[in-house]
Structure formats: structure tokens, C-alpha cells
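Dear colleague,

Please find the structure below for your records. My notes on it follow directly after.

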Amino acid sequence: MKIKALQAAKAKATYLVEAIGDKLAGVIDIQELNNESYPQPMYRNVMMMKSESADMAGAPAPEIDFKKIKLTYTMNTVFEIR
């Protein structure tokens, strides 16, 4: 994801710089923003399972919800303009 974020920054910078007739040169600075947050899984009936007695050992496992998550990554980049 980091590489894709950096490539997207370069593509956007190139597009904007070419709009004013200049060219993009090398990278001056790259800053990675720490925006890593991982969602925790949500379990149904957790409290109910905790309150039930041990004689339920043969009961089926609790249902787990699976959901797609979207990950994003942000980088600040500074490019030289020629």
C-alpha cells in the first residue's frame, strides 16, 4: 500500500505540474503518516456466551461477522519542479 500511495502522489503531482507547463523532477521529501488502525472483529452474543454455564460445551460456536474493510495509506511528498 505504501508503494501505491507514493505512485499515486507522483501521478497527481505530474498531472498538476504539467497543467502549468512545467515538469516534475526528483523527490525532495517523503513523510509517512501513521494512520494505521485495524478494526477489531465483532462477535455476536459474547456476553451471552460468558453468562452461560459450562454444561453448554457441546453447543455450536458463536457466529462471527465478516465484513470487507477498506485500507487507506497517506503519504506527504514534496517534488522538485523544473
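Thr 14 counts as partly exposed, because its relative accessibility is 22% and that class lies between buried (under 20% relative accessible area) and exposed (over 50%), with a 1.4 Å probe and protein chains only as cover. Thr 14 belongs to helix α1; helices are DSSP runs of H or I with at least four residues, strands are runs of E with at least two, and both are numbered from the N terminus. The C-alpha atoms of Thr 14 and Ile 81 lie 9.4 Å apart, although 67 residues separate the two in sequence.

The model is predicted: local features need pLDDT of at least 70 and side-chain atom pairs pLDDT 80 or more, whereas totals for chains, interfaces and linings use all residues. Residues are numbered from 1 along each chain as its sequence is written, and side-chain values use heavy atoms, without hydrogens and water.

The protein contains two helices and two strands, arranged along the sequence as α-β-α-β. Of its 82 residues, 9% count as buried. Among contacts (heavy atoms within 4.5 Å) with a separation of 6 or more, 83% are between residues 24 or more positions apart. The accessible surface, from the Shrake-Rupley method with a 1.4 Å probe, comes to about 7,500 Å², and 58% of this belongs to carbon and sulfur atoms.

Met 1 precedes α1 (2-19) and is partly exposed, at a relative accessible area of 49%. Together with Ile 69 and Leu 71, Met 1 makes a nonpolar surface patch of about 300 Å². Such patches join nonpolar side chains (Val, Leu, Ile, Met, Phe, Trp, Tyr) within 5 Å, and like charges within 9 Å, from residues with over 30% relative accessible area and no salt bridge; a salt bridge is a side-chain nitrogen of Lys or Arg within 4 Å of a carboxyl oxygen of Asp or Glu.

Yours sincerely
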